[in-house]
Amino acid sequence: MRIVSSYAERELAAIVLRDMREFVDDGLTSAQNRLLDRDHDGLPNRSQVDIYQANLAMQLSPFVCGLARTGGIDSALKAYREGLMAEATSLIEGLYPSGFPRSQGHATFNDASQQRALGAAVRGQTFDQFCTLLRQQEEVLLLVINHVSMVRRAIIQILDESELADNMDEAAPSPIKDASLADLSRSAGPGTLALNSTERVVDAAKTEVQRSLNDTFDALMDVAHIRCAKLLNHRSEQNARLSLAGFYALYTWIWRFIAQYERLGGKMCFGLRGTLTAQAKAFLGNFHAEKSRQIQILIENEQWVQAEVPIDFQNLVDCVVEAAQMPVSSDALSPLSLANGKVLSQSTSGPVSRPPTASLVSQSPSADHGLMIRTESDAVSVRSLDMGIGRMHIGDASFHVVGCSLVLVKTVVEYLQCGVSVAALAPDVLQRLVEIFKMFNSRTCQVVLGAGAMRSAGLKNISAKHLALASESLALCMELIPYVRECLRRAMAPSQEGLLVQLDRAAQDFTSHQHELHAKLVAIMTERADHHARTLCATEWDALDGAPPAPAMDALVKEVRKLHKVLKRYLPAPVLRSVFAGIFAMYETKLTQQYRQLHISTGKGKRQLMLNSQYLLRRLRALDASPVDWELEVVVNNIDLVRPHQPAPAADPISPSTASDPTSAASEPPTPSVTHSPASDFDPLMTPSS
């Protein structure tokens with residue numbers, strides 16, 4: 001009878017393995033159609049699986065029932081497991097590149113020599129070829145895993161039905177119709193299984209079958225995990241250099257495989273999850289290094305002239321604002337999600353050629369297109385303008401931009417797309433974005449406030465226009481940060497939201513830097529105010545004739561008005577008023593102090609000073625930059641006339657001309673010599689290069 005039992009064991013294993021090959025072949029045949037359906041999970045639908053399961057159960061029923069009663073089911077399932085592992089290994093390794101030597105089973109797959117050969121073969125593939133290999137391997141593994149799960153359900157179903165039939169009529173003949181298996185069942189001795197109760201026999205068989213099939217299932221799941229993790233690890237360096245679109249396609253496909261793997265297995269796939277997360281972080285690290293280097297180079301070479309805002313860049317900002325303002329309860333995809341099929345940062349806002357899953361079949365980024373090449377293509381070509389015809393709008397605010405500001409916006413959107421699309425990376429994306437903002441802030445400070453652009457970009461000096469555009473670039477970041485914060489908050493777990501305070505600190509740093517830029521504008525005019533104060537002091541007010549302005553006062557007014565004209569072009573009205581409030585307060589203090597030191601000896605001179613002061617106030621008030629409620633007129637009225645110095649009588653007779661001119665230069669105290677640059681040499685657009 002042992003011969004019959006061995007035959008039944010071998011036949012059961014052969015039937016299951018033959019059915020598995022048919023199941024896998026049918027699944028692979030329809031793979032292309034399934035890949036074109038983005039909503040499909042890559043497996044046969046439930047009705048197809050039910051048909052396969054019913055057919056398999058019909059074939060297995062006589063063997064399962066007979067072997068369950070004779071105690072041979074465990075040996076049959078062991079034979080099935082051995083054949084399954086050999087068959088799965090053959091199917092998978094048949095997909096590997098030709099340079100990979102076939103292993104003698106899964107146990108030898110982890111040998112160092114095998115892995116070196118596999119690594120060399122995989123690294124030599126293009127991105128398209130690697131994605132195709134990965135896709136096909138995962139398809140085979142999922143189909144095999146799904147078939148093992150189907151076999152488990154079919155055998156348990158057979159045993160349940162057998163138990164039910166026996167309970168309904170214990171006197172009924174055995175359901176095993178095959179004569180040899182019937183003889184085997186009747187001739188089995190009492191030592192084989194406890195035949196005193198059919199129910200106890202079936203229950204014991206079910207427990208044994210459940211344990212054996214679970215072990216087989218777990219072993220196959222381990223094979224699937226190890227095979228996929230090895231392929232990914234061998235390409236880790238190349239995967240880290242992928243473009244954002246290429247990496248997202250790869251990540252999405254692996255993640256879908258993990259979800260199906262876990263659904264079929266009923267447990268978390270920690271190993272493969274960890275491998276994928278590590279590769280995502282490596283990609284983000286390489287991406288961050290490239291973007292940081294690029295922005296730093298652009299800032300160092302920035303000419304600080306206004307740039308046109310292409311419509312594509314305005315669309316980037318609009319997507320960020322829209323994503324931040326979407327209702328939280330909305331089921332719609334975020335405009336920033338790469339699942340929309342768009343890489344927003346591409347200069348042409350067109351869709352990716354295929355969905356992520358389909359791109360892994362035939363349209364994945366190739367080795368040339370998939371690898372991240374960030375040179376001139378990412379350094380956005382922007383046409384510099386002399387006229388401010390284009391601004392970037394964020395909500396109700398608008399900003400003048402320079403070339404490096406546009407690239408910063410593009411980079412921020414790329415980070416957000418990464419964080420929103422790959423939620424596991426959201427905390428890391430936050431940290432990298434904070435570093436990008438801080439680097440942009442510090443490098444801008446160095447090249448503008450620190451005058452580093454004179455060395456790195458070849459500027460002759462740092463002008464008020466440069467300071468204004470730098471201020472606008474910082475204001476753009478300050479306005480964008482709240483929307484960035486909200487986008488990342490939605491992508492992060494509630495327990496991680498405390499990390500967002502880092503963005504608030506970055507915004508505070510931008511505010512402090514902007515205040516320093518505005519203070520620098522006041523400092524520029526302070527130097528010029530000292531010059532004009534000395535010029536006014538040296539003016540002989542008593543000798544002036546004609547209508548105002550005096551040359552010194554005219555030069556002062558022209559400089560202030562010219563600065564206002566430049567800043568008004570670039571700074572928003574509230575900021576302009578704030579800057580000029582500081583400038584006017586400084587001028588009032590300087591002029592008041594200087595007026596009190598003037599030596600005017602005639603009413604004519606005092607009247608000239610009054611008329612020139614009124615001219616100054618009138619011209620500054622016409623700017624409408626900030627209230628000019630100075631008290632210069634009061635100060636002028638309070639000036640006491642100085643008696644001209646009368647020389648002592650001389651022995652020689654005094655000439656009539658000298659006696660009749662009490663304001664003669666010979667009778668006045670000497671005027672201190674003042675050395676300064678001519679007013680005509682100053683351009684309020686320019687700060688001294690020193």
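Predicted model: local features only at pLDDT ≥ 70, side-chain atom pairs only at ≥ 80, totals over all residues.
The protein chain is built from 25 helices and two strands. Of its 690 residues, 49% count as buried. The accessible surface comes to about 32000 Å², and carbon and sulfur atoms account for 52% of that area.

Two packed helices are described by the angle between their axes and the distance between the axes. Helix H12 (residues 270–300) packs against helix H16 (residues 403–421) with the axes 10 Å apart and at an angle of about 170 degrees. Because angles over 145 degrees count as roughly antiparallel, H12 is roughly antiparallel to H16. On the H12 side, the contact includes Phe 283, Leu 284, Phe 287 and His 288; on the H16 side, the residues include Cys 404, Val 407, Leu 408 and Lys 410. By class, this contact has 11 nonpolar, three polar and three charged residues.

The second pair joins helix H17 (residues 426–449) and helix H19 (residues 464–491), whose axes come within 11 Å and cross at roughly 175 degrees. With that angle, H17 is roughly antiparallel to H19. Among the H17 residues that take part are Leu 430, Leu 433, Phe 437 and Phe 440, while H19 contributes residues including Leu 467, Leu 474, Ile 481 and Leu 488. The residues of this contact divide into 16 nonpolar, four polar and no charged.

The loops hold several residues worth a visit. Ser 334 sits between helix H13 (311–325) and helix H14 (356–363). At 19% relative accessibility, Ser 334 counts as buried, because the cut-off is under 20%. Leaving aside residues up to four places away in sequence, Ser 334 touches Ala 323, Met 326, Asn 340 and Val 420.

Further along, Ala 625 lies in the loop between helix H23 (603–621) and helix H24 (632–637). Ala 625 is buried, with a relative accessible area of 1%. Its contacts, again not counting residues up to four places away, are His 564, Arg 577, Phe 580 and Phe 584. Ala 625 and Arg 577 are 48 residues apart along the chain, yet their C-alpha atoms are separated by 5.1 Å.

Most residues other than glycine have a negative phi, and most peptide bonds are trans. Trp 304, in the loop between H12 and H13, has a positive phi near 55 degrees. The relative accessible area of Trp 304 is 0%, so this residue is buried. Ala 451 likewise has a positive phi, near 60 degrees, and lies in the loop between H17 and helix H18 (453–456). Ala 451 counts as buried at 19% relative accessibility. The peptide bond from Pro 548 to Pro 549 is cis, with omega near 10 degrees. Pro 549 belongs to the loop between helix H20 (501–538) and helix H21 (551–570).

Finally, the cysteines. The structure holds zero disulfides. For Cys 269, the nearest cysteine sulfur is that of Cys 228, 8.4 Å away. Cys 269 counts as buried at 4% relative accessibility, whereas Cys 537, at 35%, counts as partly exposed.

Key
Residues numbered from 1 in each chain as written. Heavy atoms only, no water. Helix = DSSP H or I, 4+ residues; strand = E, 2+ residues; numbered from the N terminus. Buried < 20%, exposed > 50% of the residue type's maximum accessible area, 1.4 Å probe, protein only. Contact = heavy atoms within 4.5 Å. Areas by Shrake-Rupley, 256 points an atom, 1.4 Å probe, with all protein chains shown as cover. Axes fitted to C-alpha atoms, helices over the stretch in contact; angles between N-to-C directions. Parallel < 35°, antiparallel > 145°, perpendicular 65-115°, else oblique. Nonpolar A, V, L, I, M, F, W, Y, C, P; charged D, E, K, R; others polar. Disulfide = S-S within 2.5 Å.
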